[in-house]
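Here is a short report on one protein chain. Look at the sequence and the model first, then read on.

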Amino acid sequence: MATEKLFLRGRSVGSAEPLLPRRDPKIVAARTIGATARAIERTRRRGAAEPEGPPTPAWRRLAEEAKACRRCPLHMSRTHVVFYRGGPAPSVVFVGEAPGREEDLSGRPFVGRAGKRLDEALGRLGLADGSYGIVNLVKCRPPENRFDRAAALACRSILDRQLELLAPERLVTLGAHALRLLDPDAPPIVQAAGTPRRLGARPLFPLLHPAAALHAPRYRARWEADVGRLAEWLRERPGETL
Ligand code: SF4
C-alpha cells in the first residue's frame, strides 16, 4: 500500500498510515528467543530420529557411536555414516562391503543400482519387510569406491556388535570381501558362492556381490542361479541347513 506523507507548511510531519500499536522490545526479543529455541528443538528431534533396527538403547548407542566414529581416515570424506537398513528383528542379515555414492548421500545401505538388483532378489526370496537386515563391513564410503581393508578391520567391532544385537538366525555375505573378512577359511568367492556354509553355529550363504551381476555379463546367470539356491536354503529350517 502506498504511504501518503502529511505535510505542514512544506515539512513532512508523518504518514497517513493508521498507527500500529508500538511493540515492546522486550516482548519482541522474548518471542524471537522462543522461536529460535523451538527451531533448535525441532532440529534436535529430527537429528535424534530413531535409527532403523531394534528400538533398544544399546542399538541407539551403537548407531550414535558409528555416527561420531573417526577410527579410520574414511570419516573425513563421508557425508553420512551408513549404518543399517532393515527390520528390528531380522531373521537373516545380508553383509555387503562398503557404501557407494547413493548410500553415502542417503545414509542407507544398498539404495543405488546394486541395491536395486539386491531388492529384486529380496522380492524373489519372498522376504517380508522387517524380516531381513542389510549392513556393510565398512560404514563410510571409500574414495572412488575402492575397497579399503584397513577400514574394514577398523570398522569390524561395529559390525560384530551389530550382529550381536540383531542376532539373526542366518547370514548372507555379498561379494568376496565380506566373505573373506567374516570367514577367512572360505574358498574364493567364485567357488564359494551359492553353497551354504557355517560361521561357528550360524548358517551362512555366500553370494556374489550384486554389482558383479550388474556390471559383468558373465556373472548374471550365476547370480540368478545362486539367488534360486538361496531361496531354497531360506525355506529350510535353520537346524536343517548345513
Ligand atoms: S569406516 Fe568405520 S571405522 Fe572408519 S570412520 Fe567410518 S565408522 Fe569409523
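## Basis of the model

This is a predicted model: local features need pLDDT of at least 70, side-chain atom pairs count only at pLDDT 80 or more, and totals for chains, interfaces and linings use all residues. Residue numbers start from 1 along each chain, as its sequence is written.

## The chain

The chain holds nine helices and eight strands. These are DSSP runs, numbered from the N terminus: helices are H or I with at least four residues, strands are E with at least two.

Of the 242 residues, 36% are buried. Buried means that 20 or more other C-beta atoms lie within 10 Å of the residue's own, with C-beta atoms placed from the backbone. Among contacts with a separation of 6 or more, 68% join residues 24 or more positions apart. Two residues are in contact if their C-beta atoms, placed from the backbone, lie within 7 Å.

Ala, Val, Leu, Ile, Met, Phe, Trp, Tyr, Cys and Pro count as nonpolar; Asp, Glu, Lys and Arg as charged; the others, Gly among them, as polar.

## Helices α2 and α5

Helix α5 also packs against α2 (residues 57–67), at an angle of about 160° and with the axes 11 Å apart. That makes α2 roughly antiparallel to α5, a label for angles over 145 degrees. Axes are lines fitted to C-alpha atoms, for helices over the stretch in contact; angles run from 0 to 180 degrees between N-to-C directions.

From α2, residues A58, W59, L62 and A66 meet I158, R161, Q162 and L165 of α5. This contact has six nonpolar, one polar and one charged residues.

## Helices α4 and α9

Helix α4 (residues 113–125) packs with helix α9 (residues 217–235) at about 45°, with axes 9 Å apart. That makes α4 oblique to α9. Oblique covers what is left after under 35 degrees (roughly parallel), over 145 (roughly antiparallel) and 65 to 115 (roughly perpendicular).

A121, R124 and L125 in α4 meet V227, L230, A231 and L234 in α9. Here the classes are six nonpolar, no polar and one charged.

Key: Buried ≥ 20, exposed ≤ 12 C-beta atoms within 10 Å, placed from the backbone.
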